[in-house]
Amino acid sequence: MNEIIIELQEISPKEFFGTGNENITLLKKYFPKLKIVARGNTIKAFGDEELLDEFDRRMTMLLKHFSKYNKLDENVIERVLTSQSSDDYSTSEKSGEVLVHGANGKPIKAITANQRKMVELMRKNDMVFAIGPAGTGKTYTGVALAVKALKNKEVKRIILTRPAVEAGENLGFLPGDLKEKLDPYMQPLYDALRDMIPAEKLAQYIENGTIQIAPLAFMRGRTLDHAFVILDEGQNTTHAQMKMFLTRMGKSAKFLLTGDPGQIDLPRRTISGLKEALLILKGVEGVGMIFLDDKDVVRHKLVKKIIEAYKNIENRE
């Protein structure tokens with residue numbers, strides 16, 4: 001039986017192996033035909049020579065990633081073990097920097113490879129589409145980028161908007177005036193902002209218009225200059241709404257559009273403006289696109305399993 005020995009140099013085995021050797025357990029899952037043993041600062045693998053070569057290559061990628069980011073978790077391991085090359089998950093040092101310090105002083109930064117790519121794309125382009133399922137951090141990372149741009153005086157205001165399409169609910173039956181009806185619908189945007197800006201300061205920003213949160217219909221007729229604008233839940237825009245929004249772009253503006261084409265709440269046979277825009281604007285210079293997936297899910301680990309389960313059902317339909 002062939003054997004390969006990999007020694008960890010200048011790397012903590014405890015951190016690399018994970019709590020209760022959970023990272024090694026995941027490695028075994030991806031290489032079921034190899035016998036993998038981790039002891040001390042050494043990893044030994046036994047088995048077929050061709051499989052050992054592939055294992056050695058993947059371990060080199062993992063060790064390089066760990067040396068760069070000092071972190072290894074399930075998402076990273078899955079990304080590295082299923083990528084064709086390091087280009088699929090490796091990003092610049094700058095993209096992993098702290099974006100903002102939150103309201104409680106907690107550093108907020110892009111966690112996964114695709115979130116870091118999103119940061120890079122936003123740096124290089126004035127318009128970026130971030131597409132992916134629930135829990136992949138699209139909106140949260142986007143709001144962090146917007147708050148950073150505001151703090152650095154790169155923009156004068158932040159505008160957050162969503163198309164007011166109810167997910168199986170009817171806003172008309174909710175009590176209160178328009179703002180009271182819409183506030184719960186815009187809650188995810190408020191939640192992200194509250195994490196990043198102290199409550200008093202946030203209230204001040206909203207009152208003086210530095211931060212505006214409004215349904216998409218309120219964007220009609222406006223030219224959005226010197227602003228970081230985020231369109232959330234973009235999959236629920238129609239052709240006309242998406243065209244209207246995209247043409248609001250003014251001088252020194254940054255536009256981020258997020259959405260999940262798998263969660264469209266539009267009436268049947270209505271084409272999603274987001275899906276259409278992705279086709280029309282593909283390859284246009286100055287427009288960046290990043291597609292996040294279940295390996296970027298940063299919510300409870302069950303969310304990833306739920307997404308996978310639904311994907312299996314939808315693929316059979």
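**Helix packing and a buried threonine in a predicted model**

Buried residues account for 48% of the 317 residues in the protein. The model discussed here is predicted.

Trainee: What length does helix 3 reach from its first C-alpha to its last?

Mentor: Helix 3 spans residues 49–69 and has 21 residues. At 1.5 Å a residue, the expected value is 30 Å. The model is close to this, for the helix reaches 30 Å.

Trainee: Which residue caps the N-terminal end of helix 3?

Mentor: The backbone nitrogen of Glu-50 has a side-chain oxygen 3.1 Å away. At the other end, helix 3 is followed by Asn-70, with a positive phi near 55°.

Trainee: Which residues of helix 3 make the contact with helix 4?

Mentor: The crossing of the two helices is right-handed. On the side of helix 4, the contact involves Val-76, Ile-77, Val-80, Leu-81 and Thr-82. The buried residues of helix 3 include Arg-58, Met-61, Leu-62 and His-65. The contact residues of helix 3 are Arg-58, Met-61, Leu-62 and His-65.

Trainee: At what angle do the axes of helix 10 and helix 11 cross?

Mentor: The axes of helix 10 (residues 239–246) and helix 11 (residues 273–280) come within 8 Å. Contact is made by His-239, Met-242 and Leu-246 of helix 10 with Gly-273, Leu-274, Glu-276 and Ala-277 of helix 11. The two helices are oblique to each other, and their crossing angle is roughly 60°.

Trainee: Which residue forms a side-chain polar contact with Thr-112?

Mentor: Thr-112 lies in the loop between strand 5 (107–109) and helix 5 (113–124). Its relative accessible area is 5%, under the 20% cut-off, so Thr-112 is buried. Leaving aside residues up to four places away in sequence, Thr-112 touches Asn-75, Lys-295, Asp-296 and Val-298. The side-chain polar contact, of 2.7 Å, is with Asp-296.

Definitions and conventions. Residues are numbered from 1 along each chain as its sequence is written. This is a predicted model: local features need pLDDT of at least 70, side-chain atom pairs count only at pLDDT 80 or more; totals for chains, interfaces and linings use all residues. Side-chain values use heavy atoms; hydrogens and water are left out. Helices (H or I, at least four residues) and strands (E, at least two) are DSSP runs, numbered from the N terminus. The expected span of a helix is 1.5 Å times one less than its number of residues. Buried means under 20% relative accessible area, exposed over 50%, partly exposed in between (1.4 Å probe, protein chains only). A polar contact is a pair of N or O atoms within 3.5 Å; within protein, one must be able to donate a hydrogen and the other to accept it, and residues adjacent in sequence count only if both atoms are side-chain atoms. Axes are lines fitted to C-alpha atoms, for helices over the stretch in contact, and angles run from 0 to 180 degrees between N-to-C directions. Angles under 35 degrees count as roughly parallel, over 145 as roughly antiparallel, 65 to 115 as roughly perpendicular and the rest as oblique. Contact means heavy atoms within 4.5 Å. A crossing is left-handed if the near helix is turned anticlockwise from the far one by less than a right angle, and right-handed if clockwise.
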